[in-house]
Amino acid sequence: MKIATFNINGVKARLNALTDWLDEAQPDVVLCQEIKSVDEAFPREPFEDRGYNVETHGQKSFNGVAILSKLPLEDVTRGLPGDSDDEQARWIEATVVGDTHACRLCGLYLPNGNPAPGPKYDYKLAWMKRLEARARDLLAMEMPALMAGDYNIIPQAEDAAKPEAWIQDALFLPESRAAYRRILNLGFTEAFRAQVQAPGHYSFWDYQAGAWQRNNGIRIDHFLLTPQAADLMVSCTIDKEVRGRDKPSDHVPVVLEIAL
């Protein structure tokens with residue numbers, strides 16, 4: 001099974017870019033972030049015509065997450081547990097059943113947190129505490145499960161072309177990275193780094209200052225796998241060349257192959 005995470009930076013603005021990639025890559029499941037659409041305005045038809053079931057958790061103009069799946073989606077839930085007052089659409093989960101295993105899929109769009117310090121950074125850290133609690137619950141289920149999406153976290157210096165430029169940024173501050181490591185250290189496998197240890201691999205390039213042309217990127221889109229899911233992992237790759245296409249997102253897909 002091929003499962004991808006893709007921050008599309010506006011489903012309407014990137015509709016052609018997304019459908020072209022779907023036709024080419026043929027993923028079974030896509031966890032999308034930054035759809036920037038309310039649920040009722042999400043353009044379902046182009047995806048349903050391609051055989052995808054569509055589940056969304058949308059918000060006008062900002063944020064928003066979705067799952068596109070060629071397999072039925074069961075037990076769909078929306079919103080990260082732990083704060084009933086949180087109105088930001090950043091979390092969606094569902095279960096898919098493969099040939100031999102069921103897998104709990106959690107799609108996330110973690111807060112950016114800038115400017116830091118400040119209320120946006122406080123929200124990011126509080127959100128990550130809730131994410132850690134949900135991560136513990138997933139581990140306790142003792143089944144294949146994954147949390148994938150735009151984490152807005154640069155885990156290590158080698159995950160940025162110019163780490164010195166990010167020292168004061170919420171994506172790379174020590175507190176942010178420590179919160180990420182606490183989740184990882186619960187027993188999750190970070191899929192891409194389990195496959196590739198070398199520097200120079202990125203999933204985001206800003207639209208400004210020729211970042212793509214200079215390969216001035218960062219790696220902030222991640223798959224975290226429970227031990228049961230990690231045992232089934234076949235590969236994890238970054239579909240880098242998508243960034244060089246017409247009207248692209250500033251992110252590219254990260255694709256996990258898993259023997260479900």
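This is a predicted model: local features need pLDDT of at least 70, side-chain atom pairs count only at pLDDT 80 or more; totals for chains, interfaces and linings use all residues.
Which residue does the side chain of Asp86 meet in a salt bridge? The partner is Arg130, at 2.9 Å from N to O. This pair links distant parts of the chain. Asp86 sits in the loop between β5 (74–78) and β6 (91–97), whereas Arg130 belongs to helix α3 (residues 119–140), and the two are 44 residues apart. Is Arg130 buried or exposed? Arg130 is buried, its relative accessible area being 12%.

I turn now to the salt bridges as a group. The structure holds 15 of them. A second example is the pair of Glu24 and Arg245, whose closest N and O atoms are 2.6 Å apart. Why does this pair tie together parts that are 221 residues apart in sequence? Glu24 lies in helix α1 (residues 15–25), while Arg245 lies in the loop between β11 (233–238) and β12 (254–258), so the contact spans that separation. Glu24 is partly exposed, at 48% relative accessibility. Arg245 is also partly exposed, with a relative accessible area of 28%.

Arg245 forms a salt bridge with Glu241 too, and here the closest N and O atoms are 2.6 Å apart. Glu241 counts as partly exposed, at 41% relative accessibility. Elsewhere, salt bridges that share partners join Glu93, Arg104, Arg134 and Asp137 into one network.

My last topic is strand β10, which covers residues 221–225. How many of its five residues are buried? The count is five of five, and the strand is described as mostly covered. In a regular strand the side chains alternate between the two faces of the sheet. In β10 both faces are covered: Asp221, Phe223 and Leu225 are buried on one side, and His222 and Leu224 are buried on the other.

Which strands pair with β10? One is β8 (residues 145–150), joined to β10 by five bridges, with the two running antiparallel. Within this pairing, Gly149 has His222 of β10 as its bridge partner. Another is β9 (residues 189–190), which pairs with β10 in the antiparallel sense over two bridges. There, the bridge partner of Thr189 in β10 is Leu225.

Thank you for your attention.

Conventions
Residues are numbered from 1 along each chain as its sequence is written. Side-chain values use heavy atoms; hydrogens and water are left out. Buried means under 20% relative accessible area, exposed over 50%, partly exposed in between (1.4 Å probe, protein chains only). Helices (H or I, at least four residues) and strands (E, at least two) are DSSP runs, numbered from the N terminus. Two strands pair if DSSP finds at least two bridges between them. A salt bridge is a side-chain nitrogen of Lys or Arg within 4 Å of a carboxyl oxygen of Asp or Glu.
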